[in-house]
Amino acid sequence: MNRFLAIILLAAALTAQAQQAEVVTLEQLQELIESRTDHIKVINFWATWCAPCIKELPLFEKLGYERSDVKVTLVSMDLDLDPNPEKVNKFVARKKLQSKVLILDETDPNSYINQIDKNWSGALPATIIINGKTGQRKFVGKELHEGELEKLIAEVL
Amino acid sequence: MAACLLLMVAASPVRLGYEVGDTVADFKLKNTNGKMVALADYQDAKGVIVIFDCNTCPYSKAYNSRIIALNAKYASKGFPVIAIQPNDPEISPGDSYDEMVRNAKDKSYSFPYLFDESQSVAKSFGATNTPHVFLLKKDGAAFKVSYIGAIDNNSKSESAVTKKYVEDAVDALLDGKEVTSTKTKALGCTIKWKNA
């Protein structure tokens, strides 16, 4: 009887983890980037149409799972090309993404790209690694490979 | 004094990528019709609209008709478009030379679509995205960079565009005026560099 209950609860917990991505403004995103926290923030900019972005997603999922001192946020830029966020939600559900997913809803990329990071050309993928305590950050304007995230995190500690 | 300056310039690290005001070195690349096209071929032009572009990127697709329209509007006024495709086909098979030929034919390109096979032109320009515009102005015998960046301020909807960066820049040059917005950014695809 107990085992049966446990299985039901586990199934409920697993399905509850399928998330709806939160649509955010630049202001909300900047709040995330600039806020002081006691952990490392890894913010990845991606899109469902971007092949190298999708290829590197497992690295971010693994990082979030393995490191309790790191909080991963995946920011989808899909709305810049497609006004319907459903494509992102379907992708998140299909891939069972565990990291927090946000969808940026902003116009005027010429303005917001620089406000997110002056080093960013606007090309996807891009990643910012921030020490939440000191504010020290690293920007990466290309696809990441195995081991590179850990190395970059060590550089901001 | 001049010797000192020369020494300083010689000692400074090679910085790849043009800034506004820089003189552009000549390049010669293969067009989709099999012929070679060089920047030096454009001695009679007032300038050139260089656009790093590709077949596969959704941003390139979103801007394709606008790129074609830029050439239609400005080639006869002395500012033709030259499109340069820099992606490594090993990483992006849809950007192979054969696919470029097919694309240019399907879209009836009236401007060169050049294959930057070694990626050296993209590197010397400092191109990072597709699409990525470098507007060049003829200054005597040299081609100088007048504008770098995005085509306009709305990728998904041409009708929602409120700032036509490239058109404004070319119009300014045609009027003998300074370009006011010389550098802009847009979202786009990374260039698929070899051995990424």
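The buried residues of helix α3 of chain B are covered by, among others, β4 (81-85) and β5 (113-115) of chain B. Helices here are DSSP runs of H or I with at least four residues, strands are runs of E with at least two, and both are numbered from the N terminus. Contact means that two C-beta atoms, placed from the backbone, lie within 7 Å. This is a predicted model, in which local features need pLDDT of at least 70 and side-chain atom pairs count only at pLDDT 80 or more, while totals for chains, interfaces and linings use all residues. Residues are numbered from 1 along each chain as its sequence is written, and chains are lettered from A and ligands numbered from 1 in the order in which they are written.

Which residues of α3(B) are buried? In this helix, residues 97-106, they are B:M100, B:N103 and B:A104. They lie on the same side of α3(B), because the arc they cover around the axis is only 95 degrees. That arc is taken from the directions from the helix axis to the C-beta atoms. An α-helix has 3.6 residues a turn, so residues three or four places apart point the same way. On the other side of α3(B), B:D98, B:K105 and B:D106 are exposed. Buried means 20 or more other C-beta atoms within 10 Å of the residue's own, exposed means 12 or fewer, and partly exposed is in between, again with C-beta atoms placed from the backbone. Just after the helix, B:S108 has a positive phi of about 50 degrees.

Now the interface. Chain B puts 16 residues into the contact and chain A 18 residues. On the chain B side, α2 (58-74) and β9 (188-190) are the elements that give two or more residues. β9(B) gives the most, with 3 residues. By class, that side has 7 nonpolar, 7 polar and 2 charged residues. Nonpolar covers Ala, Val, Leu, Ile, Met, Phe, Trp, Tyr, Cys and Pro; charged covers Asp, Glu, Lys and Arg; the others, Gly among them, are polar.

How does β9(B) run relative to strand β5 of chain A, parallel or antiparallel? The two run parallel, and 2 bridges join β9(B) to β5(A), residues 123-124. Strands pair if DSSP finds at least two bridges between them. A:L124 stands opposite B:C189 in β9(B).

Last, chain A as a whole. Chain A has 6 helices and 7 strands, in the order α-β-α-β-α-β-α-β-α-β-β-β-α. Of its 157 residues, 32% count as buried.
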